[in-house]
Structure formats: C-alpha cells, structure tokens
Amino acid sequence: MADDNSLFSAAGGRLKAAAAIAEVSGDTLERLRLPKSVLKVSIPVRMDNGTLRSFPGYRVRYDDTRGPTKGGIRFHPQVNVDEVQSLAFWMTFKCAALDLPFGGAKGGITVDPKELSVAELERLSRGYIDAIADFIGPDVDIPAPDVYTNAMVMGWMADEYATIARRRVPDVITGKPIPLGGSLGRDTATADGAFHVISTLMPKLVEAGDVPSAGKGDGEGPTVAIQGFGNAGARLAELFAEDGYRVVAVSDSRSARYDEQGLDVTAIRAAKQESGSLPDDEGEALDPDELLTLDVDVLVPAALENAITSHNADEVRASVVLEVANGPTAPDADEILAGAGVTVIPDILANAGGVTVSYFEWAQNRAGMRWSEEEVRERLQKRMVTETERIWELARQHDVSLRTAAYAHALQRISAAVDATGSAKTFRSADSAAEAV
Ligand code: NAD
C-alpha cells in the first residue's frame, strides 16, 4: 500500500486489522499490496457543437485470483486513479465476502455527465469501451454500472463491444437493460441486499443492547435518514417505509427534506424521477450536512466516499450506520464512531446486493437462461443472509467490528485461493517436489 494519505492507503489500513484475526498467508498480503493492472486512457468525443473534447478514463483490475475481475464504471468529475484503485480494492473484498467467483475491478471517466447531451453521453460511453476493449471480456473483466451510469449506458457499452467483437457478448457487461440480457431484479438489487443485511442484523443488535428495541423517536417505528436519493438510496427508502421504519430525512446533491413523522418516500421518488430534484412540498428543507448528525436509529450514507470523516464523526448520533455508498466512512472516523458505540455495517457487505445480482446476470447470460424475478430475489436473500450471519459470528468470536470481520471473512477466501497453488511455506518446507505435491 502507498504510504500516504490517499484513499487507497486508507483502504489498505482495513486489511491490516483484518489480517490480525484471519488465517492469511504472507503471500496473500504481498499479492494484495498492489493492483494487478492500472489502465489510463483518453476518450476523444465529438461534441454537439462540433468541437472535440478528450476525457480521461481508467480501468483498474485489482486482483483476479478468485476469478475474472468485476466492478462498476463511474462517471463523475472527481474520478481519479486513486479513487478507482480504491474502489477496485474494495470490489475484490466484496466479491470474496459474498463468495462470488470474481476478483475486483473498477472503472471511471472524469466527467460531469450532467453537462453532456444524451448523444454526447452515448459517444463517450462507446468511446470508453473502444479504449478498454482489449482489457475486458467475460472471462477477464466484467464492467457494470456505478454512480451516474445506468442500464442504458450499459446497453450502449454492450452494443459497442459487440461491434468490436463482431458478435453478441452479453456476459461482458452486467446491469444491462432487460431486453439486452439484463437480469430481472438487478435495478433494485443493491437496496434489496442492504435491506436483507439490516433486517438480519437489527434483531441481533437489539438483543446485544446496541439499538433500543422500540426505536429512538417518540413516534411509531425506528427512524432512518438517507444521504443520496439515487438508484440505491431511493429504493431502500421505500423498503424501509414499507417495513414500518420512519424515513425522516433524505438528501441528494442539491438539497435535503425532513419530516419527523416520516416522509412520503414514494411521492419523493416519483417527483425526483420527473424533475430530477427533491420536491419542495414534501416535509421541510434541511441543511444536507445536518442529515448526517440527526438522532436516528439508522443513518444510511448512499452517495459518495468520505461522507463521515474525523470532522463530523463525533456529531453522528445514529445507533447504526448502514454503508450503502462505497467508502463513506473514513478510517479515522471509524475509530470515533466505534468509541461512541455506533455500529457500522460495512460497505463490502451492505451494498453487495448489486454485484451479487450482477453475478446472477453473468451466470444467466453464460447459460443462455432467464430466471424469474422471484428466483433472483430468493437467491439474493439467501446469499445475503448467510454471509451476514457468518460475518456477525466472526465479529462476536473475535470481539471486532463488523468491518474487520467482513474483511477477515473475505481475506480467508482470497488466501485459500492464493495458497491453493502453494505459499512460501510450501516451497520452503518441502525438500523435494514429491513432498510438496
Ligand atoms: P446514483 O448516481 O443513482 O445516485 C447517487 C445519489 O447521490 C444521487 O441522488 C445524487 O444526487 C446523490 N449525491 C451526490 N452527492 C451528494 C452529496 N454530497 N450529498 C447528498 N447526496 C449526494 O448512484 P447509486 O448507484 O445510487 O450509488 C450510490 C452509492 O452506492 C455509490 O457510492 C455507489 O458506489 C454505491 N453502490 C451502488 C451500487 C448500485 O448497484 N447502484 C452498488 C454498490 C454500491
């Protein structure tokens, strides 16, 4: 790991804590020290006004010991190599934590997609695939959506790849539109998965005394605040509301809304889809930064990295932080939250529903099958609940945070794969090949 203050070196700090309780070989830690490959490309795009603009793009494959690498593509003005590398590192652990047969990757373009027309966005998406086509493939590296990319973007990308390959290759990309081989249930999978995780853990946290059984507020049901009302956050808000939670606050990049009695999240979702903004007539306006410090049962950062840092962690009053975004809690904030008795449910578990259904999509494409929505949902629930319970047990057994337990759980699986072809111990201890094999 780089010895600096980058997101990537912070990501590596989590590995050290996990290695202390996991059965892990030195070879594995050495293998995970650096990404497998880092690709930087430029994507020239003809703009609608006739000018040419070049955008920087990246694709990082972190580790492929357990299978082809898997990870989303982000379109955002702050995308840079450090961020993409960190996200690829997290994907490696997420796939292992859920026992998916994948390593980790991530991609991105430094762009503000809100400034582009739809036609420019299509050219940019196709240009990205032209630039990285030799480095991806169904058995090599399989992209998917992330922040500000959606099913239509994946459709353009799959189509571009087909043009290059001169055949349809649906399993090269997941999160596609359903008519192009997408999986039923993929669009809601991240939120559905997060909901299975919190539903599995809540009774355990109540029993452990970490969360009050009746919830904190004086109304009915436990309270929730959600930062980020996109793909993941909006659907999760509805699931919480349907299950009797009160969603008291939601925010997007521009504004936040608050209602102590619970917002009508379905109406907010419809308004956001229609106008692109949170509506002024649901609840009252709230300072978006204040959302993170509300005295709620569950706080859900579902926007971008580093929402909770050492600057605001001591103001967090929630009992539980459910990390739907990737990397929303900085490592030094983690310590402050732990000291204050806040339970953090880590991103590599909480938001793993998306990549899990991406795996189902890839498997369906490879087998030429289509599963019903019910089948996808059942398989997702089973996997999320099973792995959540394993991580909970590991955390209890070693008296560590859920984050450390999730990393340790993943690390054990990665280490088993690395060591399956022999570790330093194998090579050092055997005097002859006959002894080693
Ligand atoms: P999205 O683009 O659909 O939504 C992002 C939302 O965050 C938007 O509503 C945006 O307005 C809001 N936002 C941006 N900056 C904000 C800020 N400073 N304060 C409040 N809100 C802000 O993206 P998404 O797919 O929902 O992803 C959200 C997070 O979840 C990301 O960290 C992503 O990596 C993670 N994630 C998503 C998936 C998935 O399948 N969609 C899977 C795993 C992890």
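In this predicted model, Asp210 comes out as partly exposed, with 29% relative accessibility. Its side chain meets that of Arg396 in a salt bridge, at 3.8 Å from N to O. The two sit in distant parts of the chain, 186 residues apart: Asp210 belongs to the loop between α6 (189-207) and β6, while Arg396 is in helix α13 (residues 373-398). Arg396 also counts as partly exposed, at 46% relative accessibility.

Arg74 and Glu305 form another salt bridge, their closest N and O atoms lying 2.5 Å apart. This one links strand β3 (residues 69-76) with the loop between β10 and β11, 231 residues away, and both Arg74 and Glu305 are buried. There is also a network of salt bridges, made up of Arg14, Glu323, Asp334, Asp347 and Arg403.

Then there is the sheet. Seven strands make an open sheet with mixed pairing, in the order β9-β8-β7-β6-β10-β11-β12. Its edges are β9 (284-286) and β12 (343-345), and the twist averages 25° from one strand to the next. Strands β10 (residues 298-301) and β11 (residues 320-322) run parallel, joined by two bridges, and Leu299 stands opposite Val321 in β11. Helix α7 (residues 231-242) lies across β6, β7, β10 and β11, at about 170° to β6.

Definitions and conventions:
Residues are numbered from 1 along each chain as its sequence is written. This is a predicted model: local features need pLDDT of at least 70, side-chain atom pairs count only at pLDDT 80 or more; totals for chains, interfaces and linings use all residues. Side-chain values use heavy atoms; hydrogens and water are left out. Two strands pair if DSSP finds at least two bridges between them. Helices (H or I, at least four residues) and strands (E, at least two) are DSSP runs, numbered from the N terminus. Axes are lines fitted to C-alpha atoms, for helices over the stretch in contact, and angles run from 0 to 180 degrees between N-to-C directions. Contact means heavy atoms within 4.5 Å. A salt bridge is a side-chain nitrogen of Lys or Arg within 4 Å of a carboxyl oxygen of Asp or Glu. Buried means under 20% relative accessible area, exposed over 50%, partly exposed in between (1.4 Å probe, protein chains only).
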